[in-house]
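Visitor: I would like to learn how to read the features of a structure like this one. Please show it and take me through it.

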Amino acid sequence: MTFLQSLPVSVQTVFLLLLSNIFMTFAWYGHLRNLASAPWYVAALVSWGIALFEYLLQVPANRIGFTQFNVGQLKILQEVITLAVFVPFSVVYLGQPLK
């Protein structure tokens, strides 16, 4: 983690939010491909397990980012990263065409 701390706050924030969003996307949508035939509660439990890692990255990302950005800027940054992660995930992993 020392390497990450040596980077500028903006880079630390973007990096952690990017990783967080990858976990979040798998937690929210990965079960549609991997657990499609499993009962919903199995998918929910697996998703909660994945989401734990998302929170372990997202909370520090926002705390670090808040030293340089305001809440609105953090939210906009997070939404841009969410779309940058979700679109390729949807196309490549879930096989959904762009429409």
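Visitor: What should I know about the model before reading any values?

Guide: The model is predicted, so local features need pLDDT of at least 70 and side-chain atom pairs count only at pLDDT 80 or more, while totals for chains, interfaces and linings use all residues. Residues are numbered from 1 along each chain as its sequence is written, and side-chain values use heavy atoms, with hydrogens and water left out.

Visitor: How many helices and strands are there in the protein chain?

Guide: Helices (H or I, at least four residues) and strands (E, at least two) are DSSP runs, numbered from the N terminus. The protein chain has 4 helices and 0 strands, and its pattern along the sequence is α-α-α-α. The C-alpha trace spans about 45 × 30 × 25 Å along its principal axes.

Visitor: What share of contacts joins residues at least 24 apart?

Guide: A contact means heavy atoms within 4.5 Å. Among contacts between residues at least 6 apart in sequence, 78% join residues at least 24 apart.

Visitor: How do I check the span of a helix?

Guide: The expected span is 1.5 Å times one less than the number of residues. Helix H3 (residues 40-65) has 26 residues and reaches 35 Å from its first C-alpha to its last, close to the expected 38 Å. H4 has 23 residues and reaches 31 Å, close to the 33 Å expected.

Visitor: Which residues of H4 are buried?

Guide: Buried means under 20% relative accessible area, exposed over 50%, and partly exposed in between (1.4 Å probe, protein chains only). In H4 the buried residues are Leu74, Gln78, Ile81, Thr82, Val85, Phe89 and Ser90, and their cover includes H2 and H3. Buried residues of H3 include Ala43, Ser47, Glu54, Leu57 and Ala61; the buried residues of that helix pack against H2 and H4. Over the 99 residues of the protein chain, 28% count as buried.

Visitor: How should I read a nonpolar core?

Guide: In soluble globular proteins, nonpolar side chains tend to be buried together. A nonpolar core is a set of buried Ala, Val, Leu, Ile, Met, Phe, Trp, Tyr and Cys residues joined through side-chain atoms within 4.5 Å. Here the largest one has 7 residues: Leu4, Leu16, Leu17, Leu57, Ala61, Ile81 and Val85. Helix H2 (9-34), H3 and helix H4 (71-93) each supply at least two residues of this core. Leucine 16, leaving aside neighbours within four places in sequence, contacts Leu4, Leu57, Pro60, Ala61 and Ile64.

Visitor: Is serine 20 buried or exposed?

Guide: Serine 20 lies in helix H2 and is buried, because its relative accessible area is 2%. Not counting residues up to four places away in sequence, serine 20 touches Glu54, Leu57 and Gln58. Its C-alpha atom is 22 Å from that of valine 42, which is 22 residues away along the chain.

Visitor: How many salt bridges does a search of the whole structure find?

Guide: A salt bridge is a side-chain nitrogen of Lys or Arg within 4 Å of a carboxyl oxygen of Asp or Glu. The search finds 1 salt bridge, where the side chains of lysine 75 and glutamate 79 meet at 2.8 Å, N to O. Lysine 75 is partly exposed at 46% relative accessible area, and glutamate 79 is partly exposed at 35%.

Visitor: Which residues form a nonpolar patch on the surface?

Guide: Patches are made of residues with over 30% relative accessible area and no salt bridge; like charges are joined within 9 Å, and nonpolar side chains (Val, Leu, Ile, Met, Phe, Trp, Tyr) within 5 Å. Accessible areas come from the Shrake-Rupley method with a 1.4 Å probe, and for residues only the protein chains shown count as cover. Phe23, Leu52, Phe53 and Leu56 form the patch, with about 390 Å² of accessible area together. Its largest share, 3 residues, comes from helix H3. Phenylalanine 53 lies in that helix and counts as partly exposed at 45% relative accessibility. The protein chain exposes about 6,700 Å², and carbon and sulfur atoms supply 72% of that area.
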